[in-house]
Amino acid sequence: MPKLIDIKKILIIGSGPIQIGQGCEFDYSGTQACLALRDEGYEVVLINSNPATIMTDKETADKVYIEPLTHEFICKIIELERPDAILPTMGGQVGLNLFMELHKKGDLEKYKVKAIGVKAETVDKAEDRREFKSLVTSLGYDVVRGDLVSTKEQARKLAQELSYPLIIRASFTLGGTGGGIAFDENEFEKLVDAAFSASEHAEISIEESIIGWKEYELEVMRDRAGNFVVICGIENVNPMGVHTGDSVTVAPCMTLTDKEYQKLRECSKVIFKEIGMETGGANIQFAINPDNGRTVVIEMNPRVSRSSALVSKATGYPIARISAKLAIGLTLDEIKNEITNVTSAAFEPTIDYVVVKIPRWDFDKYNDVDGKLGIQMKSVGEGLAFGRSFKDAFQKAWRSLEKNIDGWQNSKNKFSVNELENLLQTPTPALFSYIKDAFYLGFSIDKIYELTGIGKWFLYQLQELIHEENILTQSNSEISRSILFQAKKDGFSNKQIANLTKNSILKIENLLKEFSIKPTFKMVDTCAGEFEAQTPYYFKTYEEQNDNRISNNKKIVILGSGPNRIGQGVEFDYSCVHAVKAVQELGYEAILINSNPETVSTDFYISDKLYMEPLVEEDILDILTEENPYGVFIQFGGQSPLKLAKAIEQKGFRILGTSYSAIELAEDRNLFGKILTKLSIKAPAFGTAMCAEDAIGVANRINYPVLVRPSFVLGGKGMAVVFNESELLSYFKNALKIDSSKPVLIDKYLENAIEFDVDLICDGENIFIPAIMEHIEEAGIHSGDSSCVIPSYSLSQNNIDKINIISKMLALELKTIGLMNIQFALYQNEIYVLEVNPRSSRSVPFVSKATEIPMAKNAAFVCLGKKINELNTNIPQHCLNKFNIKVPVFPFQKFPDFTPVLGPEMRSIGEVMSSSHDFNEMLYKGYLSAGLKLNKSGIVLYLGDESKIENYFNIFHSILKDNFDFISYSKFKFKLEEIKYKIKNQEIIMIISPLNFRISDNNCEVSEISKYAIQYKIPVLSTLRSVKAFSIATLYNTMRS
Amino acid sequence: MQAILLLEDGTVVHGQSLGATCEVSGEIVFNTAMTGYEEVISDPSYLGQIVVFTTSHIGNTGINYQDLESSHMHAEAMICKEISQIPDNYRAKVSLDEYLKKQNKCALFGIDTRFLTQKIRNEGCLKGIISNIDFDIKSLTKKLDSSKALNHKNAVEIYKNNNVKSIKNTSNKNKKYKVAVFDFGIKQGILNSLVALNCDPILFPYDCSAEDIKAIQPDGLFFSNGPGDPAQLANDSKILSVMQELLPLFPSFGICLGHQLIGLAFGAKTKKLNFGHHAINHPVKILDRSESKVLMTSQNHNYILDISEFEDIFNVTHVHLNDGTLAGIRHKNLPVFSVQFHPEANPGPRDAEYIFKEFINDMNKNRNKNKDVINA
């Protein structure tokens, strides 16, 4: 079929900041779509507020707008660009919702923008649960009993018709916000309230519970000729009841007969046809009652998704890329399968391996949380692992989480049978550890199945691993070749084997050599070996044949950043992708290793060769040994590769860029302190302590308040500001859950200091600083959690010079080659150095976007021997004339029990950027992009004590006099319910809750109000500077027409 | 149990086995389907073959007997990476291991099936012998050599073994269409598809006569799938002359081997593919419709029909999208058509199910024509 010729310019809406339920998978899909459309000769206009994305690079789209993802701003862009079409299926739920808004408000018609890929009616039918259910039923398929209700009365009535447990869900939300499982009337009432408040529409859904049923998802493609293919099925190891995003999942489907599988396939085909799914990728979820096979359709998404990214990586079939091509009218058979080059995209991939995804949770960041998993997604990232068997992939997937896990492990607790029985009934991140405990205690597969609902086939596989462990334990030092080989085939790491057999890792490594057991690499080829594939995409396993084709090129291995987590997300993937491009531009072969399926870096089109493997020592060293590269890049993937530096260097591989010893120097506070002293650079007084007693001594020496934290962490994990000795003791007693072999760092806390950040490149002789970033929030709030502005707007030239000089001194002293991030503080008009990270940082994409200097790429050039004067470091004039802000985005809405306070521990998960020639507009757009509500009138509620009120009031008053009231909570004695009503009613527009770093719990009511405000997207601000900034943004909002 | 696989090129693979104690030889083929092992191993077309499953895990859903494609396992043996000893499916009756034991067959597992697959892909189908009794390479080589001559198993072998299903369907008496089915080793799925469309399939063995068929006055003829080389079957029997007599008389439809025999009956030739098509994800393009329609099909064949010199007789209706091989034909003048793939699926997608309806249409048209003739 001919391509659509009536369109030339296509608009793609991105998905905005990273949130729980929306990771970097939409950067992957959006980037693929943009490139595919440009391949086909179309002009692409892109809008996204997230700067840490490859899709917002100038190379990805013809025109990139980093603007708020709101109806208003998109209309402005449409007015300006007049695109012929919009492809709304690439930007996740955010993109789809915006498309629907444009459609419903008549803008698409007004501007004559044609929707391609999906029709608005289809989205309506798919997302309106009632309509979707009635469609499915009319086609002869089964659905979950239940309905949508819009009042509490209706909800109660429906509850009487159904039987508990009931599932309550809000409509149109990300990752199932505002939902839960009610086992009784009490819980029902609570959840119904929460759902009504979270729902953007005044409707919630109430359904019969199918908890414990098997859960499946099919990723499918359809073209405009009606051709239909299933790319892959995914089976959830956790049964229904846990959000798919929080479930361990596996592909292909493991426990379906062909009859059942084909029923799901046929059902998907019919539904997609009848719902009017035009073209492209989509997914559909099913649940099957394990006792009788009753199959119900849960939901469908007429767009690419997290699971389509996963399936693209799992099979090698690029769903988003093909979807984009289908949207412009090509049919599946007209698109080449670029993996085999001999077949077309019209086929269903078949795989001869197993992939397992395990979510990564950072519950400890939101310490109030009970860690219970349910229908609301809470994980922040995921690791994907390939193996030739489930066991192989499962063990590896645990390692890929980078949580210091060597494979499937037990909880290391001695639970009683009773305790375990309870623990197994509640899904938590530790569930699989408890299952291992249970096997150790002799629980049978049947019993564990009864308690967990996890399918017996999976439990059988796990039991085989236990069996394997027993064999290893018994064999001790007498490990035979066959036992060792089998263990490696089943995914045991050398460390696991060493522990079980009570040997050293070295001994195991030597045994492997002696028995000539070597890792083999298998190709991801979409066809299970039926055709000769060209894909340079591999995973590691232990078998007879190695598929790997090792080139003789000069190769650079780039280590990725692993699963997303708080403090290490898409920003590092961005840097890795740029490093790959730099490597390729200089004529080297770029080999990338990563375990995060959401990313652009794990798109096998990006690098010359891709390994989907955990970023842990054994697997990385095996690959390096296999490839014997010219060098390894470790500075782009965040902290993950940095941790491997020592092992890589010890094995004799060349680290390109800043060396391991320099990294160690920067991370070791004592050594680093000596350097600062030597260079006469001011830094907060500090000390290190291995125990509480030492710490008290240090604190007394440098004076309270002090900032305490463990060393070798990212994202300020375990950090706190303490004001006195008893708080310090309590920190050591309660808050400190870290490796006790590493010292605790204690710094003098610089109260009310202003923070600055610098990302620089050093070539060993010179440095290049594109911009100095100024934080809005004062020092003490983690740099990742504070908004920051380019250029620094309150810094004197003298201090700018100082920062430049200090940066150069430090970069040269630490023998930096490549990127370095330095954090400064301005305290009593003196510049202090707070921290140095000899690697890429979270702010690199922001700086790159603000200055149009590709920092990571340039750094990679430098690592490969280029000098700064050979790089393009000219910041375009138009960049120098504007202000840019990066605003963090927090997942607090997913953790309704957590008091949304900021502090030295990082808790934000994503970020947005806005730019403007007008500082005030920049602030306004920044907060808007971050999802905060800005109102034209209302109440500013002050929650602090009266001693500080004047400073805050003065700031408020100097900016927002008209239409706004400033009210102190303690003075006016509002009832809590009254406040809540005013929040819900948008009468309260800002909450000021001055910074309270104390570890002791916040005031109960204050906490309650803050939690409630967050659910309504009302900002809770804690510092003078942030109150000022938000007030200016609010003022801007009131003034604009 | 330890087990060994010896290939005719001398390759030796060590693994383990489940099922019965056995020693068996056959042609090694690989199947890339991720579901449907119960259907595959009981498909009579696999007679004489040892099937390698490329998907990692086999046996997960046990055997439920409902999904068998024939009364017993026809594949000589199976090879896979991992076998589950416990079935996890509400319909499962026995584990795969138990079933194999009952069938006196074995499965070799725990081996690098991808290595084997790639070997077959590169070198073509190979003969091999699996044993969990004899581990002596020399002795196995001898056994493999002597078995080679016997490995041309086809419909003749099926009937020799007394598995005849001939003329036995009585439960479908009230159906609208009487279909004479040439059973060369038919899959249950085909019979089910015919019955579902109101057909009464009456089974005939490969060596029936044209008179046997005419005697029942069928509405149409169906030529089934089956094992082996079609040309060999044509040599071993009088099937082509029977077909030549019948094809001009009745609407006819053939699947897989049946498709190849239809071609042979009109003088075309068959060719052996290097390693065949054994999968459920093979795209087939429809040529006899205007839109660009591609079907995901279930395929299981080592031979293809070459009609390049017979394009005046046949229209090409379907072509394999990957390698361009012939996948479906229709006679230009007669209501005779056939497909190389399996519209009945089992296992596999049901995209091509409509093809059975074309057969019904042909039978309807023919009826009306006959009526017109009688009325005239």
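The contact between the two chains takes 44 residues from chain B and 48 residues from chain A, where two residues are in contact if their C-beta atoms, placed from the backbone, lie within 7 Å. The model is predicted: local features need pLDDT of at least 70, side-chain atom pairs count only at pLDDT 80 or more, and totals for chains, interfaces and linings use all residues. Residues are numbered from 1 along each chain as its sequence is written, while chains are lettered from A and ligands numbered from 1 in the order in which they are written.

On the side of chain B that touches chain A, at least two residues each come from α1 (37–42), α3 (113–123), β14 (269–286) and β15 (294–306) of chain B. Helices (H or I, at least four residues) and strands (E, at least two) are DSSP runs, numbered from the N terminus. The largest share of this side, 6 residues, is supplied by α3(B). By class, the side of chain B that touches chain A holds 18 polar, 14 charged and 12 nonpolar residues. Here Ala, Val, Leu, Ile, Met, Phe, Trp, Tyr, Cys and Pro count as nonpolar, Asp, Glu, Lys and Arg as charged, and the others, Gly among them, as polar.

Strand β15 of chain B also carries B:N300 and B:Y303. UniProt positions are given in the numbering used here, feature names are shortened, and annotations may be inferred rather than shown by experiment.

B:N300 counts as buried, with 29 C-beta neighbours inside 10 Å. A residue is buried if 20 or more other C-beta atoms lie within 10 Å of its own, exposed if 12 or fewer, and partly exposed in between, with C-beta atoms placed from the backbone. Leaving aside neighbours within four places in sequence, B:N300 is in contact with B:D43, B:S45, B:C256, B:H278 and B:H342. B:Y303 is likewise counted as buried, with 20 C-beta neighbours inside 10 Å. Not counting residues up to four places away in sequence, B:Y303 touches B:D229, B:P230, B:Q260, B:T270, B:K271, B:K272 and B:L273.

The UniProt feature "active site" (unreviewed entry) is placed at B:C256, B:H342 and B:E344. These residues span 89 residues in sequence, yet no two of their C-alpha atoms are more than 11.3 Å apart, so they gather at one spot. B:C256 lies in the loop between β13 (252–255) and α10 (257–265) of chain B and is buried, with 28 other C-beta atoms within 10 Å. Not counting residues up to four places away in sequence, the contacts of B:C256 are B:S45, B:N225, B:N300, B:H301, B:Q340 and B:H342. B:H342 is placed in the loop between β18 (336–339) and α11 (354–375) of chain B and is buried, with 26 other C-beta atoms within 10 Å. With the same exclusion of residues up to four places away in sequence, B:H342 touches B:I255, B:C256, B:T297, B:S298, B:Q299, B:N300 and B:G348.

In chain A, residues of α18(A) meet residues of α19(A): A:N494, A:K495, A:I497 and A:A498 in the former, and A:I505, A:K507, A:I508 and A:E509 in the latter. This contact has 4 nonpolar, 1 polar and 3 charged residues.
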